[in-house]
Amino acid sequence: QPQFADEYIDEIFEHLKETEFNFTINPLYMKTQFDINEKMRAILIDWLVEVHLKFKLLQETLFLTVNLIDRYLNKKTIMRNKLQLVGVSAMLIACKYEEIYAPEVRDFVYITDKAYTKQEIFAMEVDILRILDYNVTVCSSFRYLEVFNRYLKMDEKAIMFCSYLLELFLVEYKMIKYNPSLLAASTIYITLKITKQDDVKKITELIGYSEDLLKHINLALEIDVT
């Protein structure tokens, strides 16, 4: 498919590696939040996954949504009654960025059972963009998975399983401390080990992460692939 631009994949990969750490998130940012906690974040993201499914959005939209939420909360303290507002406003931004036909603001008003008005969502959208200095473009773990697979050529079932694991990572606050390429690599490592394929060395050679480090990520999720 032309949109994958395989002839530029090496240059794309190099660019991603160079820019990966441009927008890092403090993995301890919750300590600066006084009215919300990790569990509330998990509940919000779990709900957003349902919204994402209901609206039939692209996978990358979900990953960008969570990234925007974490980057915003990393820089601004909020009250718990505004957390859902942050979530839907971040998803609205992500939809405008990723989707061809994005849901309208009234759809987000409806999905929150009219807990927030259109004006409140618009105001939060502006505040998120302002706090993030209008930097929306980031490379998510899902995008890294796509790039890695241009090299590895895994089958559809393997990619679906990797995507499933990456979505689980989104809910887990403790996974923020790992950079996107490492998370993507760890899902590929888990998948190759479970399916008993002999391609584990390919991923370690491709991205430069050791097998020991990839095993460490698995242990963080309590996944045993030995």
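User: Why is the contact between arginine 80 and aspartate 35 called a salt bridge?

Analyst: A salt bridge needs a side-chain nitrogen of Lys or Arg within 4 Å of a carboxyl oxygen of Asp or Glu. In this predicted model, where local features need pLDDT of at least 70, side-chain atom pairs count only at pLDDT 80 or more, and totals for chains, interfaces and linings use all residues, the N to O distance of this pair is 3.4 Å. That is within 4 Å, so the label holds. Side-chain values use heavy atoms, with hydrogens and water left out, and residues are numbered from 1 along each chain as its sequence is written.

User: What makes this pair a tie between parts of the chain?

Analyst: Arginine 80 sits in the loop between α3 (59-75) and α4 (83-98), and aspartate 35 in the loop between α1 (9-19) and α2 (38-54), so the pair ties together parts 45 residues apart in sequence. Helices here are DSSP runs (H or I, at least four residues), numbered from the N terminus.

User: Is aspartate 35 buried or exposed?

Analyst: Buried means under 20% relative accessible area, exposed over 50%, partly exposed in between (1.4 Å probe, protein chains only). Aspartate 35 has 19%, so it counts as buried. Arginine 80 has 48%, so it is partly exposed.

User: Why do lysine 96 and glutamate 125 count as a salt bridge?

Analyst: Their N to O distance is 2.7 Å. That is within 4 Å, so they qualify. Lysine 96 is in helix α4 and glutamate 125 in helix α6, 29 residues apart. Glutamate 125, at 8%, is buried, whereas lysine 96, at 49%, is partly exposed.

Notes
Helices (H or I, at least four residues) and strands (E, at least two) are DSSP runs, numbered from the N terminus.
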